[in-house]
Amino acid sequence: MTNEKNVAPAPQRPRRTRQPLARSAERAHDDAEFLRRLRRHHDELRWLYMELYDNGAMFAELCDQMKAFYDERPEPLKALDARREGRAWYRDRDLLGMQMYIDNFAGNLRGVEDRLDYLDQTGVNYLHLMPFLDTPADRSRSDGGYAVSDFRRVKPELGTMEDLARLAERCHERGISLCMDFVMNHTSDEHEWARRARAGEGEYMSRYFFTGDQALIDRYTRDVPQVFPTTAPGHFTYLPELGQSVMTQFYPYQWDLNYKNPRVFNEMMYNFLYLANQGMDVIRIDAVPYIWKQLGTNCRNLPQVHTIVRMMRMISEVVCPGIVLLGEVVMAPVEVVPYFGTVEKPECHMLYNVTTMATTWNSVACRDTRLLRRQLEAVCGLPRAYTFLNYLRCHDDVGWGLDYATLSDWGMEEVPHKRYLNAYFQGHTEGSVSRGELYNADPVTGDARFCATTASMCGIEAAGFEGDADAMDVAIRKDVMLHAYLLTQSGLPIVYSGDEVGQVNDYSYHDDPERVDDSRYIHRGRFDWALVDRVDEPGTVQQRLYDALRALEGIRRGEEVFGADAEVRVVGYGDPAILWVERRLGGRTLHAVFNFSDEDRTVWMPERAEYVDLVTGKKSQLETFELPSWDFRWWLR
């Protein structure tokens with residue numbers, strides 16, 4: 001009889017041999033998946049690349065690096081790619097976005113992770129983290145994070161790349177997607193490329209636009225509009241150590257990249273893929289129209305820009321198809337739409353609905369929705385696959401890029417109208433409850449942009465300062481109404497951190513020497529967590545606003561008529577103060593009616609019938625209804 005204690009354990013050959021075989025099978029599957037995606041796009045990608053650069057060696061390098069980044073992509077992200085590929089997940093009606101600066105919201109990346117319960121409670125499942133990549137320590141030279149000095153390093157005070165990847169993992173566990181800014185147009189003058197170019201290294205000088213030819217600079221000045229003619233005039237910055245000037249379309253410390261150099265395109269795509277592999281779900285491409293420069297043009301919206309964005313879309317669909325490209329195109333609608341590309345050759349998945357945002361605030365100041373109706377009609381007339389990111393305000397200013405040709409038909413000329421808008425929102429006109437400050441004001445033309453939080457523009461700041469309870473009721477109603485209008489639109493709604501609790505302007509930036517010259521910091525203030533503590537106190541501004549917005553978000557998620565496939569149209573109602581949006585899906589119709597007026601209105605329904613008030617749940621037989629000033633109704637039939 002054998003003594004079992006003295007018998008050697010059986011060798012684990014099956015387990016040892018299965019593991020390498022399993023890994024080999026996984027690698028084979030991964031390789032096949034990569035090749036499937038590459039074959040789908042290879043010919044078009046190569047054709048476009050060679051059209052721009054005529055450099056086969058650089059294209060081969062690009063393909064090799066795409067495979068390397070694919071191999072390095074974490075398995076949970078590959079699984080997420082598999083679930084998302086071929087599905088427009090970013091169009092789901094249950095998405096609600098929030099935009100924030102990490103330091104203002106929670107100090108650093110680990111702080112954001114610690115606050116995920118609050119975001120869950122608020123209903124946020126799409127989080128746009130404002131620029132967090134390394135920038136110059138001098139904040140007056142960082143452009144709020146858009147002057148990047150290292151694309152693969154987080155600002156030390158915010159954390160590390162490991163912290164970012166960990167946050168992305170925690171967010172994905174909760175069903176929260178992360179969005180980040182990818183600044184393609186320029187780098188900081190402290191970026192390694194810029195430092196080496198400044199030292200005279202030709203390889204790195206060729207990654208920017210250097211010239212000693214004043215005639216060429218004069219031609220750019222003649223043909224190319226200035227981005228910031230008041231605060232950063234000109235297109236080039238002179239470097240005495242080189243005796244040459246470098247192109248700086250935005251600020252002197254931001255050097256424009258030369259995408260005519262294939263090394264620039266390749267390296268920026270490697271940066272893009274590196275960041276995608278940290279767990280980013282949405283990549284916001286900053287200042288898209290400016291990417292390609294061509295002497296003799298206005299250097300805006302050139303065909304080569306679309307080629308680059310199309311290549312970027314294909315590269316992402318090969319390596320990380322779960323990623324969404326969000327284009328920042330601050331242009332007129334006719335110039336925005338081409339950045340969607342076509343059904344056969346798509347470019348951006350989503351675009352900012354900039355013009356509608358500005359036109360919305362024009363409607364508030366004028367108590368007149370006619371221009372907004374035209375804008376929304378234009379958007380509704382686009383293919384439903386075109387997806388916009390909708391917002392009331394963001395980290396940036398409100399610029400008055402309106403349709404002045406149409407406004408002039410109604411007696412509103414551009415220059416005096418802009419002056420009126422800026423005076424209104426500063427609270428300088430009779431009847432205005434808004435508070436805020438101008439940005440980039442030009443004393444010669446009178447042109448300017450405007451900065452403030454949503455709550456301050458709606459009157460919550462003024463009513464609180466004056467202790468006027470009636471005015472506060474109206475201000476909160478206006479704020480809620482505008483958010484209901486935001487949620488009525490097709491696309492992805494996003495709010496700025498603090499708007500959900502009625503945070504008002506922060507004037508403390510005036511005391512900060514590094515920020516005092518940039519009035520945009522008035523609405524980029526540190527998040528006031530004391531306001532969150534008041535959300536549970538009945539009757540407070542925070543409770544009334546927060547609960548109302550949460551209720552509206554819940555209604556939107558629960559009703560199919562808010563879905564991306566709904567048929568949407570603007571109703572031509574006779575009163576210009578009334579905006580009426582109709583959504584139809586599955587035999588049901590939503591009548592979303594908004595009163596952009598200081599007076600109550602009696603509104604006539606299209607026919608006497610039974611409607612359900614989605615906010616209260618009450619059914620009513622209606623032929624007319626009373627709509628208070630700055631209020632709305634969601635009637636479902």
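At what angle do helix 14 and helix 15 pack, and how far apart are their axes? In this predicted model, helix 14 and helix 15 (residues 370–380) pack at an angle of about 160°, and their axes lie 9 Å apart.

**Helix 14 and helix 15**

- Angles over 145 degrees count as roughly antiparallel, and helix 14 and helix 15 are therefore roughly antiparallel to each other.
- The crossing in which helix 14 passes helix 15 is left-handed.
- On the side of helix 14, the residues that meet helix 15 are Thr355, Thr356, Thr359, Thr360, Asn362 and Ser363, while helix 15 brings Leu371, Leu372, Gln375, Leu376 and Val379 to the contact.
- Sorted by class, this contact of helix 14 with helix 15 holds seven polar and four nonpolar residues, with no charged residues.

**Helix 11 and helix 12**

- Helix 11 (residues 262–276) packs with helix 12 (residues 303–319) at an angle of about 40°, and the axes of the two helices are 11 Å apart.
- Helix 11 and helix 12 are therefore oblique to each other, and helix 11 passes helix 12 in a crossing that is right-handed.
- Helix 11 makes the contact through Phe265, Met269, Phe272 and Leu273, and helix 12 makes it through Ile308, Met311, Met312, Ile315, Ser316 and Val319.
- By class, the contact of helix 11 with helix 12 has nine nonpolar residues and one polar residue, and no charged residues.
- Helix 12 is also where Glu317 is found, and this residue counts as buried because its relative accessibility is 12%, where buried means under 20%.
- Glu317 is in contact with Arg37, Arg40 and His41, when its neighbours within four places in sequence are left aside.

**Helix 17 and its surroundings**

- Helix 17 (residues 414–425) is made of 12 residues and reaches 17 Å from its first C-alpha to its last, which is close to the 16 Å expected at 1.5 Å a residue.
- Its buried residues are His417, Lys418, Leu421, Asn422, Ala423, Tyr424 and Phe425.
- After helix 17 comes Gly427, which has a positive phi near 85°.

- Asn440 is found in the loop between strand 15 and strand 16, and it has a positive phi of about 55° although it is not a glycine.
- With 12% relative accessibility, Asn440 counts as buried.
- Asp143, which is not a glycine either, has a positive phi of about 50°, and its place is in the loop between strand 3 (133–134) and strand 4 (150–154).
- The relative accessible area of Asp143 is 14%, so Asp143 is buried.

**Leu622 in strand 22**

- Leu622 has its place in strand 22 (residues 619–627), and at 8% relative accessibility it counts as buried.
- Between Leu622 and Trp604 there is a separation of 18 residues in sequence, and their C-alpha atoms are 8.6 Å apart in space.
- Not counting residues up to four places away in sequence, Leu622 touches Met605, Glu607, Arg608, Ala609, Tyr611 and Trp635.

Notes
Residues numbered from 1 in each chain as written. Predicted model: local features only at pLDDT ≥ 70, side-chain atom pairs only at ≥ 80, totals over all residues. Heavy atoms only, no water. Helix = DSSP H or I, 4+ residues; strand = E, 2+ residues; numbered from the N terminus. Expected span 1.5 Å × (residues − 1). Buried < 20%, exposed > 50% of the residue type's maximum accessible area, 1.4 Å probe, protein only. Axes fitted to C-alpha atoms, helices over the stretch in contact; angles between N-to-C directions. Parallel < 35°, antiparallel > 145°, perpendicular 65-115°, else oblique. Left-handed = near helix turned anticlockwise from the far one by under 90°. Contact = heavy atoms within 4.5 Å. Nonpolar A, V, L, I, M, F, W, Y, C, P; charged D, E, K, R; others polar.
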